[in-house]
Amino acid sequence: MDKELYKGVFVFAEQREGVIQNVAFELIGKARELADSIGEKVTAILCGYKMGEMPKELIAAGADVVLVVDDEKLEHYLTEPYAQAVTHIIQECKPEIVLLGATTIGRDLGPRLSSRLRTGLTADCTSLEIGEDRNLMMTRPAFGGNLMATIVSKAHRPQMSTVRPGVMRRRVADNSRQGTVENVTVPFDTSKFRVRLVKKVHEEKNMVDITEAHILVSGGRGVGSQDGFSKLTDLAGQIHAEVSSSRAMVDAGLIGHERQVGQTGKTVRPDIYMAIGISGAIQHLAGMEESDFIIAINKDKFAPIFQVADLGVVGDLHKIVPILTAKLRAS
Ligand code: FAD
């Protein structure tokens, strides 16, 4: 394979129902950094139907080029039409790097692309850096999160990875940025379309998304019970925070999985993360250690959470949390 033929950093810009997903902006932020370090362009691949202002948003976020496949067949995500569209673009443009979000869509699409393009895919990355010979160093948790493995694809191009939402930082949008928008026509082979969308049912959403919260009050096994959790809810109410948790509390049935932080939960990056009665297992840290300011309350002064905390309080949470809540209420 002539690696020299492959140029540029491409991002699959995931959109759902006309809304570009946060992860796409985060990936464009990272792609910009990677592309600048090797003197390349950032290209966003945008698939859908009636895309409106979306290409402009991608340029403002850092893309130089937006390749748009605007086709009724792509109105809703279906594996085969999307795989055909993105494979076609990659075969035509020969990018050096392709990034996708590790979302349900990215996790479905990524392996199809890698198999059709006969290249590798490193799934669920948490860090990406350019290494020697312009090889992409793709780092992801391995062995149940006990090790971080860095994977390098020396022989194949493009180098592809899916990246967990919330891990990379999006850039501040710059609406004055200039870029190119190109429409791409894909020669779809509809005889391979085996799935038809019959009906769409919207999930009722009454829970907040903890990845969007600015402050998280997160409880672990030390919180102990529903009564303990209500102390956290009181505290959260005083500081406009959302409540999240470690897996121990989800496994105990005290809180829903949608509020779990960590390797098998969500990756969060709030301004303030309060870890209350959480030991700081590596699988938990994987989901929150990038938070801007971490406050830990734990009765064990040797708890690993204190190694990542900016402020640590050693003591009994059942005493400290109500005092803190009362002080905040009075202030
Ligand atoms: P513990 O480790 O039991 O810690 C409880 C802490 O509370 C202790 O440090 C204790 O000192 C403190 N404490 C107790 N009482 C008090 C008190 N009165 N006042 C103050 N402090 C007190 N975990 C996650 O969180 N998220 C994940 O996504 C996740 N994914 C995983 C994936 C895999 C493949 C595996 C193997 C594990 C995963 N885990 C995950 C589980 C993880 O290994 C830990 O078991 C879990 O994070 C522990 O939760 P915890 O800190 O709440 O409980």
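**Close-up views of a predicted model**

View 1. An oxygen atom of the ligand is placed 3.3 Å from a polar backbone atom of Gly-265. This counts as a polar contact, that is, a pair of N or O atoms within 3.5 Å; within protein, one must be able to donate a hydrogen and the other to accept it, and residues adjacent in sequence count only if both atoms are side-chain atoms. The model is predicted: local features need pLDDT of at least 70, side-chain atom pairs count only at pLDDT 80 or more, and totals for chains, interfaces and linings use all residues. Residues are numbered from 1 along each chain as its sequence is written, and side-chain values use heavy atoms, with hydrogens and water left out. Side chains also take part: an N or O atom of Arg-221 is 2.7 Å from a ligand oxygen, and a polar atom of Gln-283 lies 2.8 Å from a ligand oxygen. On its own the ligand has 990 Å² of accessible area, of which the protein covers 78% (Shrake-Rupley method, 1.4 Å probe; for residues, only the protein chains shown count as cover).

**View 2. The shell around the ligand.** Around the ligand are 25 residues, of which Arg-221, Ser-246, Thr-264, Ser-279 and Asn-298 come nearest; a residue is near a molecule or strand if one of its heavy atoms lies within 4 Å of it. By class, the shell comprises 15 polar, five nonpolar and five charged residues (Ala, Val, Leu, Ile, Met, Phe, Trp, Tyr, Cys and Pro count as nonpolar, Asp, Glu, Lys and Arg as charged, and the others, Gly among them, as polar).

View 3. Helix 1 (residues 22-38) contains 17 residues and spans 25 Å from its first C-alpha to its last, close to the expected 24 Å at 1.5 Å a residue; the expected span is 1.5 Å times one less than the number of residues. Helices (H or I, at least four residues) and strands (E, at least two) are DSSP runs, numbered from the N terminus. Because 13 of its 17 residues are buried, helix 1 is largely enclosed by the rest of the structure. Buried means under 20% relative accessible area, exposed over 50%, and partly exposed in between (1.4 Å probe, protein chains only). Gly-39, with a positive phi near 65°, follows helix 1.

View 4. Arg-157 and Pro-158 are joined by a cis peptide bond with omega of about -5°. Pro-158 belongs to the loop between strand 10 (147-151) and strand 11 (159-163). Asp-124, in strand 7 (residues 121-125), has a positive phi of about 65° although it is not a glycine.
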